[in-house]
Amino acid sequence: MAAPCETDTDSDTEAGTEASEPRERDTPEDIVLEAPANGLAFHPARNLLAAGDVDGDVFVFEYSCREGETKELWSSGHHLKSCRDLAFSEDGRKLITVSKDKAIHILDVEQGRLDKRISKAHGVAINSLLLVDEHLLATGDDSGRIRLWDQRKESPIMDLRHHEEYIADMALDSAKKMLLTASGDGCLGVFNIKRHRFELLSEAQNGDLTSVTLMKRGKKVACGSSEGTIYLFNWNGFGATSDRFALKAESVDCMVPVTDNLLCTGSTDGIIRAVNILPNRVVGSVGQHAGEPVEQLALSHCGQLLASSGHDHRLKFWNMTELRSVVVDDYRKRKKKGGQLQALSSKAWGMDDFFAGLKEEEATVPAPVDDDEEESEDSD
């Protein structure tokens, strides 16, 4: 029998090598947990994603766009009840978590070791966490209390309660002086953490305020609500809203800024929407959790990936590359009532290749606006 020629052997070897190489994906593969995750945070420099679930377990995953290479690095079960929120330290060496069990935990990122525990940090369940700097962090609980902590000390350095309901979310200005709080009482709270004092509460809005973030280079503050409305405040005009924008959504449970003008919202209907602020437009759908509520959103350190957690027990990744280049002008193009949202990624439902006609960052997109998804007025 004649021996096979060398060229055929080389060709087979090359084909086998190519076949064995992991396939590159647009985003990392979904991560499936045993319970829904409340907290979600990206590492500030590495490809690490941390999640805290309703059972009190905390996980750190190393993610990759190469198929089969996303893996769990470690998990911690130190919390006795649901892990409500978490965040990496500025240097990425520590992971801070808060829980329904009223405790604050500080974990070593490399080993997953519990370095410090403040067992009774609050008198009731802690719901929200925000890192201020290398040493300072703020926590908000179910009773509306805000506490500021120096990690080098055991007791809070600021302890204030002016909200009547739970603290859903917190945000900080670029000077790290003013702490903004969104509460279940429908009010936006303003606290001066440099002087450790309360400043004011806004007038109460309809429904719970569920999320808060700064937009337009800090000139605007956007708050999501349980009624599906985004409320806008002018900086230094926190007493009353300057604008409001009703989405065709059951709620705005969480949101994260992608650019100075664009943010992504997660809702009870399972849809992750891309929303432009002033002009107020729903640009389209980034993705979804199969009809299950979206619990939390987080943006990666490179800004190219959005992670979401839902009641389907999944952590999903969405590619933000194209969305970050979208520019929305003042032109309002109405679509038919009840029409589907434009799909902004290949993983989003109703794929219409939304970006096929875009011209990089110079492109101006007359984004669709539903009759039920339009602003009252675009005020500056």
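## The big picture

Strands here are runs of at least two residues that DSSP marks E, numbered from the N terminus. That numbering is how we'll find our way around this predicted model.

So what is the chain made of? The secondary structure comes to one helix and 30 strands. The protein chain has 380 residues, and 53% of them count as buried. Take the contacts between residues at least 6 apart in sequence: 49% of those join residues at least 24 apart.

Let's start with the largest pocket, which holds about 1600 Å³ of space. It is lined by 47 residues, and the closest to its centre are Leu129, Leu130, Asp169, Met170 and Leu297.

Which strand gives the largest share of that lining? That's strand 26, with six residues. Other strands supply at least two residues each, among them strand 2 (37-42), strand 6 (83-88), strand 10 (126-131), strand 14 (167-172), strand 18 (209-215) and strand 22.

About 40 Å³ of space lies in the largest cavity. Its lining is made up of Ile104, Ile106, Lys116, Ile118, Leu137, Trp149, Asp150 and Gln151. Strand 8 (104-108), strand 9 (114-118) and strand 12 (145-150) are the elements that give two or more residues to this lining.

## The nonpolar core

Now for the largest nonpolar core, a set of 18 residues. Cys264, Ile272, Val286, Leu297, Leu306, Met320 and Leu323 have the most contacts inside it. At least two core residues come from each of strand 22 (254-257), strand 23 (262-266), strand 24 (271-276), strand 25 (281-288) and strand 26 (294-299). The core also draws at least three residues from each of domain 1 (25-120 + 295-322) and domain 2 (163-288).

Setting aside neighbours within four places in sequence, Val286 is in contact with Cys264, Ile272, Ala274, Leu306, Trp318, Met320, Leu323, Leu344, Ser345 and Ala348.

Ser99 sits in strand 7 (residues 94-99). Is Ser99 buried or exposed? With a relative accessible area of 0%, Ser99 counts as buried, because the cut-off for that is under 20%. Its side chain reaches the backbone nitrogen of Asp101 at 3.0 Å. Leaving out neighbours within four places in sequence, Ser99 is in contact with His79, Lys81, Ser82, Cys83, Arg84, Ala125 and Ile126.

Phe238 is in a loop instead, between strand 20 (229-234) and strand 21 (243-246). Phe238 is buried too, with a relative accessible area of 6%. Not counting residues up to four places away in sequence, Phe238 touches Leu180, Leu188, Val190, Leu200, Ser202, Val221 and Phe233. Gly189 is 49 residues from Phe238 along the chain, and their C-alpha atoms are separated by 8.4 Å.

Which two residues does a cis peptide bond join? Leu278 and Pro279, with omega about 5°. Leu278 lies in the loop between strand 24 and strand 25, and Pro279 has its place in that loop as well. Phi of Leu278 is near 50°, a positive value in a residue other than glycine. At 10% relative accessibility, Leu278 counts as buried.

Ala290 also has a positive phi, about 50°, although it is not a glycine. Look for Ala290 in the loop between strand 25 and strand 26. At 53% relative accessibility, Ala290 counts as exposed.

Definitions and conventions
Residues are numbered from 1 along each chain as its sequence is written. This is a predicted model: local features need pLDDT of at least 70, side-chain atom pairs count only at pLDDT 80 or more; totals for chains, interfaces and linings use all residues. Side-chain values use heavy atoms; hydrogens and water are left out. A nonpolar core is a set of buried Ala, Val, Leu, Ile, Met, Phe, Trp, Tyr and Cys residues joined through side-chain atoms within 4.5 Å. Buried means under 20% relative accessible area, exposed over 50%, partly exposed in between (1.4 Å probe, protein chains only). Helices (H or I, at least four residues) and strands (E, at least two) are DSSP runs, numbered from the N terminus. Domain bounds come from an automatic or database domain assignment. Contact means heavy atoms within 4.5 Å. A polar contact is a pair of N or O atoms within 3.5 Å; within protein, one must be able to donate a hydrogen and the other to accept it, and residues adjacent in sequence count only if both atoms are side-chain atoms. On a 1 Å grid over the protein atoms alone, a cavity is a set of points where a 1.4 Å probe fits but cannot get out, and a pocket is an open set with protein on both sides within 12 Å along at least five of seven lines; lining residues have an atom within 4 Å of a point. Grid points are joined across faces, edges and corners, and a volume is the space filled by probe spheres set on the points.
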